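Please read them with the structure open.

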Amino acid sequence: MRLAEREPRQRRSTLRRVAAALLVLIGLYSGTPLANENDFEYNLKAEFIDRFAAFIEWPAGTFASPDAPFVLCMVGGSPIEPFLRKFELSRRIKEHHMVLRHIGPTNAASGCHLVFIAVDDVHRLQQVLSSTSGKPILTVADRDGYGSLGVLINLYVAEGHVHFEINASETKKSGLKFSSQLLKLARLIGAP
Amino acid sequence: MSRKRPISIRSKLTALSVVATMMPVGIALAIVAARDIHDINADMIESSTLIGRAVADYSAAAMAFDDRADAEKTLNGLVQRENVESAALYNVRGQLFVSFVSPRIPPNARAALIEPNIVPRETPSAQLESDHIAILQPVEYAGTRYGTLALRTSIAPLRLRINNYLWVLGLLALGALLASLVLAAALERVVSRPIVSLAHVAQKIAEKADYSVRAPNPGGDEIGLLSDAFNQMLSEIGRRQSEAYRAIRVRDDFLSVASHELKTPLTALKLQVEGLLMASGSQPEPPWVQSIKTNLSVIARQVTRLDKLIANLLDVSRIAAGRFGLEPKELDLVAMAREVVGNFQPELTRQKVTVELSAPDHIIGTWDPLRIEQVMTNLISNAIKYGAGNVIEVRLEADEATARLTVRDHGIGIAPADLDRIFERFERAVSVDYGGLGLGLFISRQIVLSHGGTIRVESQLGAGSTFIVELPRDRQGRLSAARGT
């Protein structure tokens with residue numbers, strides 16, 4: 001709420017500064033390896049999650065009002081959390097301020113716009129997916145094989161770069177509209 | 001100073017037609033060309049801008065997700081666009097992300113096309129440079145800027161298009177020129193030809209003095225009016241000419257009648273005076289008779305003079321009427337010359353003038369004796385009259401075909417300007433009154449010409465004159481000479 005009250009211009013310039021700082025990190029990452037590679041990787045993954053939202057359209061009426069928050073839910077614990085937490089203060093996603101919520105695997109994911117699934121157990125994954133499948137909820141994970149299990153976007157690291165795969169059939173069911181550019185960049189899995 | 005060569009109506013019409021056609025066509029083509037070239041430029045810039053925008057849009061995700069491979073793939077797709085020379089994507093800080101240089105660019109020129117850093121752009125721009133179009137396009141998606149695309153396209157196709165366009169315009173101008181020439185030819189037929197045909201008629205009239213010819217009337221336009229006026233003028237000239245001829249005939253008739261009428265009483269008078277002189281000659285003379293005799297001599301001289309003048313007038317009227325006939329017979333020109341000089345002896349003695357006659361023994365030919373005597377008398381009389389008292393040389397020569405009489409005086413001479421007209425009727429070289437009507441040389445010339453001969457004069461003002469008469473010796477030569485002239 002505090003952010004929403006600030007002047008739009010100021011907000012944008014703040015955003016720009018943060019984005020620029022992050023991109024410096026991206027640039028450096030692509031060049032020389034850093035001391036704390038783990039931090040960098042999760043920072044980048046968080047940045048990716050923000051940007052996925054830019055290339056994906058949620059159905060009309062998803063947000064009750066212009067003031068309604070973009071709800072980012074997390075299942076399980078992940079080193080990505082502090083970076084996403086930062087976004088809560090600094091970023092607007094789809095023109096809405098963002099809130100980060102923890103939910104349990106059995107909790108209904110309704111009310112979430114994006115669910116980051118950080119569970120190791122396939123059974124728990126299935127539980128989460130059963131509550132999100134066929135709904136306009138973007139599910140994101142960063143575990144090998146989770147993409148083919150039904151997570152919409154699964155991040156993976158190859159040759160020192162963060163990549164992502166998209167489950168095309170689940171994407172269709174979800175009602176979310178993925179930008180063709182995003183699909184082009186992704187490794188597509190599942191029946192189209 | 002040389003005059004400019006006159007320009008024909010045809011050329012003027014052609015020039016007029018070409019100028020009248022080409023000026024608006026040229027101006028129109030120039031306006032169209034300027035506008036179209038501007039449009040072609042704008043079109044090329046727009047198409048380059050569109051390519052830039054498409055590539056930027058298509059590269060947004062790749063830049064957002066740091067996917068160089070995909071961004072490169074996108075840029076490499078530009079290889080199909082022949083006019084794209086290079087493209088480069090820069091991140092939001094202006095650092096080079098990926099680049100593409102067309103394989104059509106020579107390897108040594110490739111590096112210069114890619115800047116390692118640029119100032120990031122927030123708004124698109126398109127710049128037409130001397131040899132390329134430079135496009136800078138922000139790479140954005142959903143309101144977020146991820147970098148800048150720098151695109152460079154060749155303007156060779158632009159130049160080619162403009163060149164082709166100018167060729168087409170050139171052909172159009174050529175077509176217009178041909179059309180204007182065709183137009184000029186048509187105008188020439190309508191305008192120039194009637195004028196030329198009128199000019200031909202005028203020329204024919206000038207050459208043949210035939211005033212019965214009429215110019216054709218091409219129609220009711222200005223040239224038609226000109227033809228009408230010209231024909232009217234011809235009628236007027238013809239009318240005046242026949243009037244003039246009639247006036248001349250009346251004058252000649254009057255001359256003829258008057259001469260005859262004067263001759264008759266004069267002949268009677270002359271005979272009476274001569275009779276009186278002869279009758280008084282044998283008687284002893286008292287002083288009063290002496291006085292009458294002197295008076296009679298004066299009367300006789302004046303009557304002779306009057307007789308000669310009237311004889312000349314009669315000759316002129318015969319020449320004018322074309323009734324000037326010859327009665328040729330064989331005669332000795334030398335004997336005749338001696339006789340004529342002898343006739344002048346009293347006058348020569350009185351004026352203290354000598355005549356030097358040089359001639360062969362005889363020159364025999366066939367001529368009209370009275371007429372030839374008339375010519376000799378005229379020439380020697382002129383030589384005495386204008387000879388200023390100096391010696392007069394009379395020379396006779398002959399070859400087989402021609403006899404030549406030369407009479408030279410050393411008197412006042414004739415100005416070059418007068419040489420041509422002294423043989424005309426009533427013309428004299430001098431204005432001072434030397435007596436006579438100015439008919440002698442005219443009649444002499446007619447006589448010589450009738451004999452098939454020639455008469456000419458050589459003279460120097462103040463140094464005297466030389467008259468040269470050449471006569472064919474026989475009738476045959478005379479006829480052939482007459483035929484020749």
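1. A crossing of two helices is called left-handed if the near helix is turned anticlockwise from the far one by less than a right angle, and right-handed if clockwise. The model discussed here is predicted.

2. Helix 9 (residues 369-386) and helix 10 (residues 440-450) of chain B cross in the left-handed sense. Their axes lie 9 Å apart, at an angle of about 145°. On the side of helix 9 of chain B, the contact involves Arg371(B), Gln374(B), Val375(B), Asn378(B), Leu379(B) and Asn382(B). Helix 10 of chain B contributes Gly440(B), Leu441(B), Ile443(B), Ser444(B), Ile447(B) and Val448(B). By class, this contact has six nonpolar residues, five polar and one charged.

3. Also in chain B, helix 1 (residues 9-64) packs on helix 4 (residues 156-208), with 8 Å between the axes and an angle of about 160°. Helix 1 of chain B is therefore roughly antiparallel to helix 4 of chain B, since angles over 145 degrees count as such. The crossing of helix 1 of chain B with helix 4 of chain B is right-handed. Its contact residues comprise 27 nonpolar, six polar and five charged.

4. In chain A, helix 3 (residues 37-54) and helix 4 (residues 81-90) cross at roughly 45°, and their axes come within 8 Å. That angle makes helix 3 of chain A oblique to helix 4 of chain A. The crossing of these two chain A helices is right-handed. Six nonpolar, one polar and three charged residues make up the contact between helix 3 and helix 4 of chain A.

5. Where do chain B and chain A meet, and how many residues of each are in contact? The contact involves 19 residues of chain B and 16 residues of chain A. About 1700 Å² is buried between the two chains, and carbon and sulfur atoms give 60% of that area. Phe65(B), Asp66(B) and Tyr141(B) supply 38% of the area that chain B buries against chain A, more than any other three residues.

6. A point on confidence in chain A. The average pLDDT of chain A is 82, and 80% of the residues score at least 70. Residues 1-10 of chain A have pLDDT below 50, and this stretch has eight contacts beyond near neighbours in sequence. Residues 27-35 of chain A also stay under 50, with eight contacts beyond four places in sequence.

Notes: Residues numbered from 1 in each chain as written. Chains lettered and ligands numbered in written order. Predicted model: local features only at pLDDT ≥ 70, side-chain atom pairs only at ≥ 80, totals over all residues. Heavy atoms only, no water. Axes fitted to C-alpha atoms, helices over the stretch in contact; angles between N-to-C directions. Helix = DSSP H or I, 4+ residues; strand = E, 2+ residues; numbered from the N terminus. Parallel < 35°, antiparallel > 145°, perpendicular 65-115°, else oblique. Nonpolar A, V, L, I, M, F, W, Y, C, P; charged D, E, K, R; others polar. pLDDT = per-residue confidence, 0-100. Contact = heavy atoms within 4.5 Å. Buried area = accessible area lost by both parts, 1.4 Å probe.
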